[in-house]
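Subject: Structure handover

Hello,

Here is the structure for your files. My notes follow below it.

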Amino acid sequence: AMDHMVQVGRFFDATDFVEVSQAHMMADTESLGEAGVELIESLARHPEADRRVRVPMITDPRGIDFKHYRTLKQTDAMAELERRAITAFEALGILMTDTCINYQTIMPPVRGEHLAYGDTGVVSYCNSVLGAHSNFEGGPSALAAGLTGRTPRYGLHLDSNRKATKRYKVEFQPQNLSDWGALGGIVGRRTGSYWDVPVIEGIAVQPTSDDLKHMGAAMASFGSVPLFHLVGVTPEAPTLDAVCDPRTLAAEPITRRDLSDFFGDYGGKGEKVDVVVFSAPQLSIVEMRQLADLLDGQNVHKGTTLLAVTSPVVAADAERFGITGRIEAAGGLVLQGMCFYQSYAREMALANGWKRLLSNSVKLVNIIGGYGYQPSLASMEDCVRSAIAGEIV
């Protein structure tokens, strides 16, 4: 693990390591494959030492919900590979949190805390909204950080790299989660670099945790952006002057037409919708309740599948509050511990005959086309209306 970290540090011209207090890694077996699972198993059973992580280490979503995987027409072989991976991770002392919203559910970091996080949405939120410090860590690097308790000091572990390099002025106010996601997608497209840091001004409404979650995840998906500043909201940007020199960094406008054009990239109105997916990022308990409220007294169309994907922690609360029962009474399916596009999405599409996918997640619609789907984007309200109608309204 140390040898791996040294090589990464040399590649990025790091002069030393920084100690980290937490690590978080991608852990779905679609990404790991047989070879990746065998590697983790070999580390876990190595005869020379009782190898365990040195700092709290948690996991991103898996690829399987063991309760419902057959309903989704995933295979027993997929589930068995998942079980092997879980056994190996647990032997290393890794906490199987299976979530990309740990900042809403477990161990949210604090400002200035150095981390080794893997999921792009997690890194974006924790850097931007909480003021912690992390780069995007690949799976082997995150695991190496967990085993050693440190990571090379480069990128966003350096204060000098956290100042704004791009400036955007928003000329509209986002109204819902898909609007916030679209804003993130627009900024991500225009920024388009891991090494650039956007600062956004002009937002007069108070965003929620879910709003910023969707914006950051979309920004990372469209532009590999791990840190953004929102003037007057995020901790490092109480004012514009705190993150840039406004005299030398001109503002680029983002207009309502830009928002409309972004949504216009995703068509499908009037077409049969095969699957409506609320995922990527996983749903908070607030989103789960909003979805249940919209579905109360309704029935999902018999030709459409509706999936609500959340973390195990939120799923337990949703069950306790009766939210899961309300969603499933309307014909939806609540999945936990997984994320749709990390769950053999192409194989599920072929097995279930899914083609047209509808979601309020900008991150998901950006990714899922690569798995053979025709994605469409809409608000949560319109997604529910479409699921009931069986076609995109």
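V275 in strand 10 has T305 as its bridge partner in strand 11. This is a predicted model, where local features need pLDDT of at least 70, side-chain atom pairs count only at pLDDT 80 or more, and totals for chains, interfaces and linings use all residues. Residues are numbered from 1 along each chain as its sequence is written, and side-chain values use heavy atoms, with hydrogens and water left out.

Helices (H or I, at least four residues) and strands (E, at least two) are DSSP runs, numbered from the N terminus. Two strands pair if DSSP finds at least two bridges between them. Strand 10 covers residues 275–283. Strand 10 pairs with strand 11 (residues 305–310) over five bridges, in the parallel sense. Another of these contacts puts F278 with A308 of strand 11 as bridge partners.

V275 also has a partner in strand 13, namely L357. Strand 10 and strand 13 share two bridges, again parallel. Strand 13 then joins strand 14 (residues 374–377) through four bridges, and the two run parallel. There, S359 has L377 of strand 14 as its bridge partner.

Put together, the order is 12-11-10-13-14, an open sheet of five strands with parallel pairing. Strand 12 (333–336) and strand 14 are the edge strands, and each pairs on one side only. From one strand to the next, the twist averages 25 degrees. For angles, axes are lines fitted to C-alpha atoms, for helices over the stretch in contact, and values run from 0 to 180 degrees between N-to-C directions.

How covered is strand 10? Mostly: nine of its nine residues are buried. Buried means under 20% relative accessible area, with exposed over 50% and partly exposed in between (1.4 Å probe, protein chains only). In a regular strand the side chains alternate between the two faces of the sheet. Strand 13 (residues 356–359) is covered on both faces: R356 and L358 are buried on one side, L357 and S359 on the other.

Helix 11 (residues 312–320) lies across strand 10, strand 11 and strand 12. Helix 11 runs at about 115 degrees to strand 11.

The cavity

There is one cavity of 30 Å³ or more. A cavity is a set of points, on a 1 Å grid over the protein atoms alone, where a 1.4 Å probe fits but cannot get out; lining residues have an atom within 4 Å of a point. Grid points are joined across faces, edges and corners, and the volume is the space filled by probe spheres set on the points. Of the 14 lining residues, C100, D119, A280, P281 and K363 are the closest to the centre. Helix 5 (120–128) and strand 10 each give two or more residues to the lining.

Three strands form an open sheet in the order 3-2-4, with parallel pairing. Strand 3 (57–59) and strand 4 (115–117) each have a single partner strand, so one side of each is left without a neighbour in the sheet. Strand 2 (residues 22–25) and strand 4 are joined by three bridges. Q22 stands opposite L115 in strand 4.

V37

V37 lies in helix 2 (residues 29–44). V37 is buried, at a relative accessible area of 1%. Leaving out residues up to four places away in sequence, V37 touches T29, L32, L81, R84 and A85 (heavy atoms within 4.5 Å).

Best wishes

Technical notes: On a 1 Å grid over the protein atoms alone, a cavity is a set of points where a 1.4 Å probe fits but cannot get out, and a pocket is an open set with protein on both sides within 12 Å along at least five of seven lines; lining residues have an atom within 4 Å of a point.
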